Amino acid sequence: MAHKKIGDVILDVQNISLRFGGVKALTDISFDVKEHEIRAIIGPNGAGKSSMLNCINGVYTPQEGSITFRGQTFKHMNSRQVAEMGIARTFQNLALFKGMSVIDNIMTGRNLRIKSNLFLQALRIGPAEREEIAHREKVEQIIDFLEIQAYRKTPVGQLPYGLQKRVDLGRALALEPKVLLLDEPMAGMNVEEKQDMCRFILDVNDEFGTTIVLIEHDMSVVMDISDRVVVLDYGKKIGDGVPDEVRANEEVISAYLGTSH
Amino acid sequence: MAFFLEALFGGLMAGMLYSLVALGFVLIFKASGVFNFAQGAMVLFAALAMARFSEWIPGWLGLEGRLIGNILAFIMAAALMFVLAWLIERLVLRHLVNQEGVTLLMATLGITYFLDGLGQTIFGSDIYQINVGMPKDPIFLFEGVFEGGVLINLEDVYAACIAALLVLMLSLFFQKTGTGRALRAVADDHQAAQSIGIPLNRIWVIVWFVAGITALVAGIIWGSKMGVQFSLTTVALRALPVIILGGLTSVPGAIIGGLIIGVGEKLSEVYLGPYVGGGIEIWFAYMLALVFLLFRPQGLFGEKIIDRV
Amino acid sequence: MFYRENGQFKTSYRNDQQIFPIAQDRWVILAIVAFAAIGVPLLADEYLFRAILIPFLILSLAAIGVNILVGYCGQISLGSGAFMAVGAYMAYNTYVRIEGMPLIPALLMGGFFATLVGVVFGIPSLRVKGLYLAVATLAAQFFCDWAFLRIGWFTNNTASGSVSVSNLSVMGWVINTPAEKYLFCLAFVVVFALLAKNLVRSAIGREWMAIRDMDVAAAVIGIRPMYAKLSAFAVSSFIIGVAGGLWGFIHLSSWEPAAFSIDRSFQLLFMVIIGGMGSIMGSFFGAAFIVVLPIFLNQFLPWAGSLVGLSVSTAAVSHTEFMIFGALIVWFLIVEPHGLAKLWSIAKQKLRIWPFPH
């Protein structure tokens, strides 16, 4: 990883505070993410990690603070805008479209780039057909990359959990994102599945140069693959730096040091 | 002015009847999250049962007076509603426990059609009378104040009182008894209630039974007023906007929503009707509900609907 | 052994993505359509056309429309009858008020106006869903019930309140006999079914299904819920509107608003549930079922009753119909929410490996 070129700050989170009624989910969180790096967000359950990603994604609107992405600053992110700008994400509890096949699920990720309108699609000739085929090729590349060829026509609801997580990742990759937000991509996986997922994440980062922001509980994974780490606890930031720094941080140790599995 | 008051009272009374039907919806929704489209069919079914039983029982038992016959008919009809509740829980609800609301809604649509057919098969499809001794003559109030007085239907007043009594009893039931407490717990959180040992299935049978009783009372009052006939189900469809207005989970909301719709319908028909060719009653309630849906979907007293990610 | 896909390799995405990838399917469908177009007119009698085939075709079309909205996009609608009414009445007005208006454009105009109404009453779907949306669609139903009853303009100010059309023709071909009416409807249904199938397997179809399955996740990958939902209402209402025009013009020739009442809405919804939500083929199954069942019961029940010495009146048959529908709806929702279409595809699966059990 020493030879990886980490760029400038691509995503900057400034003083984000998020409240739900009386509950403070996030208090004055600031950190940055540099291009091409793998940034991990860790912390005990309920620390606000998913909420942080939801703010970046536009699912939640923070009461205070702003987010700067590639030079543009926003007080509130709009989900579609975020996707258009090149930020994609996976979900902790999977948010796959259970009724559709693997191909169709990943194809939905290509939606932003499909230009032909309703009428052309109804007739399915010329530009609409060509577009559909072109995007299908892209999706097949992702399917190859994630090694799920055998399941491409299976309805996602019938797949085992580990494969569903891969489809989730595939759908995010279909957006060809600049930044990939991964919410506990390895939750519920066994050792082999985790190794596979790690490999995919590293490959994505390596081959496509995608910046990765990763929420993860497994410490060995975090320490192993991430370039820098942010630590949250009860909605506040208690650590920020390279893995070794964070590992030695007193506050982090006392608040929470997860076990390696 | 007297005319206005008459229209107002008429609307209030009609609204009270809507509220009675809406109460059944609210009860079931509060306790099980199921939106029971079949409530209207239940009203019809219960009314049919009552009407026919009160006709047949005197014949079966050789009774002379109407009172005992009616009481027995009521008991029989109530028992029938209990069996119905039990069957619905057993055959339908139990199997659809984890489905989304839309599926359950459509299942209750199916139950509606089934009850419709069943009721008319068992009890017949003519128009039947329910005679529980409600006064039929109108009275004139305020004869001193207004010329000729204000025409009130005494039957409607009785109906309103009965409805108020029913609401009172239901409130007491919910607030003061152990079963009522269990029902409120289930309404709040199914899983939590189960985890402290509340038997979900039995609770649902109780809820549907209570809703069935409410349907029976509503059916008796409606049936007494306009005869028991098929159009009762369409009348029940009018109760849907009531709950939208009042809020799906609110008993007072069902009452107030009903009154608002009743009065609104009557007044708009009387005052606006002539300009647009009449028939406003057909859509007034629903268009009002539509407005609420756009701006305040939870209604006047309901809980805010939160969409979880 | 007959239904095997052995040797049918797809060498291009275009082939893989066609509507009927398995060759046997393609042949069968072509055969069915050919038979429908050529064989049926030769074999069927007038009763068959009037009572079964024409209603089946038109209601299948309407069911496709409803399926797009309810089955593919997950937006419950109890107001389809109203959209059929708009289609019928506006087609009527276009046909009657505009000098020399040809038939097909008039029907399409009916569909267009139905689209407008559909989009307007679809706006609540941006705010609410489930049963709340059902109530909003009921508002459409009742409002249209009233409008076509009381607003004289729609019925060309006829005294009786019912409208009628006659002397229908398309570019010189007069549509008179039941067989001709049937062919006219068949043409519409085949064309629209094809367009609908194309839509649901393209990007817009995936958008609809994404909204149905999880609309929050859909927003996060860049799908606009507003566009997806309103387009579903628009396309759905268009198809339903055209079906309404066909129902009025071709099937009824003369109609009143009651032809498009809430019972019609329920009927269409039941077709979609029983036939299979989210399946174009299922719409046909559902329509066939709902058209044929009452006729079947009408013949069967009195006969069965006579076997046990009971006389069964027509009212009783109608009540039994209600009971069977209701019970079937519940049964399908519990056992096979994807309806007859799913049962059919399971049967095909078994057929593929026949004579082996698995």
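Biologist: Where in chain B is the place of Ala38(B)?

Modeller: In this predicted model, Ala38(B) sits in the loop between α1 and α2 (39-61) of chain B.

Biologist: Is Ala38(B) buried or exposed?

Modeller: The general idea is to count the C-beta atoms around a residue, and 20 or more others within 10 Å make it buried. Ala38(B) has 33 other C-beta atoms within 10 Å, and it is therefore buried.

Biologist: With which residues is Ala38(B) in contact, leaving aside its neighbours within four places in sequence?

Modeller: Those residues are Thr108(B), Ile111(B), Thr112(B) and Leu115(B). A related distance can be read between C-alpha atoms: those of Ala38(B) and Ala107(B) are separated by 9.1 Å, although the two residues stand 69 apart along the chain.

Biologist: At roughly what angle do the axes of helix α1 and helix α8 of chain B cross?

Modeller: For a pair of helices, one reads the approach of the axes and then the angle. The axes of α1 (residues 2-32) and α8 (residues 200-226) of chain B come within 9 Å and cross at roughly 175°. Because angles over 145 degrees count as roughly antiparallel, α1(B) is roughly antiparallel to α8(B). Residues making this contact include Leu17(B), Leu20(B) and Leu27(B) of α1(B), and Trp204(B), Trp208(B) and Ile221(B) of α8(B). By class, the residues of the contact divide into 18 nonpolar, three polar and no charged.

Biologist: How many residues of chain B are in contact with chain C?

Modeller: To read a boundary between chains, one takes each side in turn. Here 39 residues of chain B are in contact with 36 residues of chain C. On the side of chain B, α4 (101-123), α10 (239-246) and α12 (284-295) each supply at least two residues. The most comes from α4(B), which gives 17 residues. The side of chain B that touches chain C has 26 nonpolar, 12 polar and one charged residues.

Biologist: Into which domains is chain A divided?

Modeller: Chain A is divided into domain 1 (1-86 + 177-261) and domain 2 (98-176). Taken over C-alpha atoms, the centres of these two domains of chain A are separated by 26 Å. Their contact takes 10 residues from domain 1 and 10 residues from domain 2 of chain A. On the side of domain 1, α2 (79-85) and α7 (191-208) of chain A each supply at least two residues, and the largest share, three residues, comes from α7(A). That side of domain 1 has seven nonpolar, one polar and two charged residues.

Biologist: What ipTM and pTM does the predictor give the complex?

Modeller: The predictor gives the complex an ipTM of 0.84 and a pTM of 0.88.

How values were computed:
Residues are numbered from 1 along each chain as its sequence is written. Chains are lettered from A and ligands numbered from 1 in the order in which they are written. This is a predicted model: local features need pLDDT of at least 70, side-chain atom pairs count only at pLDDT 80 or more; totals for chains, interfaces and linings use all residues. Two residues are in contact if their C-beta atoms, placed from the backbone, lie within 7 Å. Helices (H or I, at least four residues) and strands (E, at least two) are DSSP runs, numbered from the N terminus. Ala, Val, Leu, Ile, Met, Phe, Trp, Tyr, Cys and Pro count as nonpolar, Asp, Glu, Lys and Arg as charged, and the others, Gly among them, as polar. Domain bounds come from an automatic or database domain assignment. Axes are lines fitted to C-alpha atoms, for helices over the stretch in contact, and angles run from 0 to 180 degrees between N-to-C directions. Angles under 35 degrees count as roughly parallel, over 145 as roughly antiparallel, 65 to 115 as roughly perpendicular and the rest as oblique. A residue is buried if 20 or more other C-beta atoms lie within 10 Å of its own, exposed if 12 or fewer, and partly exposed in between; C-beta atoms are placed from the backbone.
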